[in-house]
Amino acid sequence: MTELISNQTFDEERALYNIKDTEVTDCTFAGDADGESVLKECRNYKVKDCSFSLRYPMWHADGFLLCDSSMDDKTRAPLWYCKNGKIDNCKINGIKCLRESTDVKMNNCLIHSDEFGWKCNNLTINDSEIASVYFLFETDNVEINNLKMTGKYSFQYMDNLHIQNSVLDTKDAFWHSKNILVEDSTVKGEYLGWFSENLTLVNCKIIGTQPFCYCKNLKLINCTMENTDLAFEYSEVEADVKGHINSVKNPKSGVIVADSVGEIIEEDTIMPCCGIVQIREQCNCA
């Protein structure tokens, strides 16, 4: 960094437009002028210990570090069209945060942003808490570790997602998504995984009604299921479930093994369904 901007307040339109090789620290972006796009089209810069209360503060950023900073609910669409960046130890409350961005790493953040992370590529999210709606919609190539996520309609239309050590309290998760691996996590919601392809859950706790319907190549390995009824309808599935499943309905193909199943429903099908449900004691499965 060759330039330092510190301890100032900016509220004008494009106040620091196109800065390069600069560190911005202990600054406030707010005021009566209510200017938009204060850090637009900036390159190779660091923002530290700053607070933001203006719309569209960081668009078209390339090579950035945003750390130890906050963006309030007035920072609508705070980061769009960004690449090669890190967001570390930040609090962000602006709606529609992170859109059409590439190669961004996020660590130790607290985010409340509906429509977070849409149409992005190559994201890494670690040790964070995020509340969102349609979280990561149409985003590809994502690595997540130790995330606490709340919201609904998450992880839809994604390709190549890996989640570890996380708690997901959601609804309609993973719809139409492909190549998903979830490990050592809790996934709570309704209608989980419908229309997914190559969805695998390993050592996970799955909670909620009507999970995993219309799936292709679904795999559950050493998972538990709680309050899960009408599961696996019209799905191609291989499942090893420890414990009880409330009910299984019309699995299209594959084998589902569980310690117990409350009800196996084979009726009113619209396609041939030949999936097999096995009780562990009865089949002597290891």
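A residue is called buried here when its relative accessible area is under 20%, exposed when over 50%, and partly exposed in between (1.4 Å probe, protein chains only). Keep that in mind as we walk through this predicted model, in which local features need pLDDT of at least 70, side-chain atom pairs count only at pLDDT 80 or more, and totals for chains, interfaces and linings use all residues. Residues are numbered from 1 along each chain as its sequence is written, and side-chain values use heavy atoms, with hydrogens and water left out.

Let's start inside. In soluble globular proteins, nonpolar side chains tend to be buried together. A nonpolar core is a set of buried Ala, Val, Leu, Ile, Met, Phe, Trp, Tyr and Cys residues joined through side-chain atoms within 4.5 Å. The largest one here has 75 residues, and Phe29, Phe155, Leu201, Phe212, Leu220 and Phe232 touch the most other members. Its largest share, five residues, comes from strand 24 (residues 236-249); strands (E, at least two residues) are DSSP runs numbered from the N terminus. Leucine 201 has contacts (heavy atoms within 4.5 Å) that include Val182, Ile206, Phe212 and Leu220, leaving out residues up to four places away in sequence.

Now for the aromatic rings. Rings of Phe, Tyr and Trp (its six-membered ring) pair if their centres lie within 6.5 Å; planes under 30 degrees apart count as stacked, over 60 as edge-to-face and the rest as tilted. The structure holds 23 such pairs. Tryptophan 175 and phenylalanine 195 are edge-to-face, at 5.3 Å centre to centre with 70 degrees between the planes. Tryptophan 175 sits in the loop between strands 18 (167-169) and 19 (178-183) and phenylalanine 195 in the loop between strands 20 (186-188) and 21 (197-202), so their pairing ties together parts 20 residues apart in sequence. Tryptophan 175 is buried at 18% relative accessible area, while phenylalanine 195 is partly exposed at 31%.

Phenylalanine 212 and phenylalanine 232 make a stacked pair, 6.1 Å centre to centre with 15 degrees between the planes. Both of these phenylalanines are buried.

Finally, look at serine 113, in the loop between strand 14 (110-112) and strand 15 (121-133). Serine 113 counts as buried, at 0% relative accessibility. A polar atom of its side chain lies 2.7 Å from the backbone oxygen of glycine 94, and one lies 3.3 Å from the backbone nitrogen of lysine 96.

Methods. Helix = DSSP H or I, 4+ residues; strand = E, 2+ residues; numbered from the N terminus. Polar contact = N/O pair within 3.5 Å; in protein donor to acceptor, adjacent residues only side chain to side chain.
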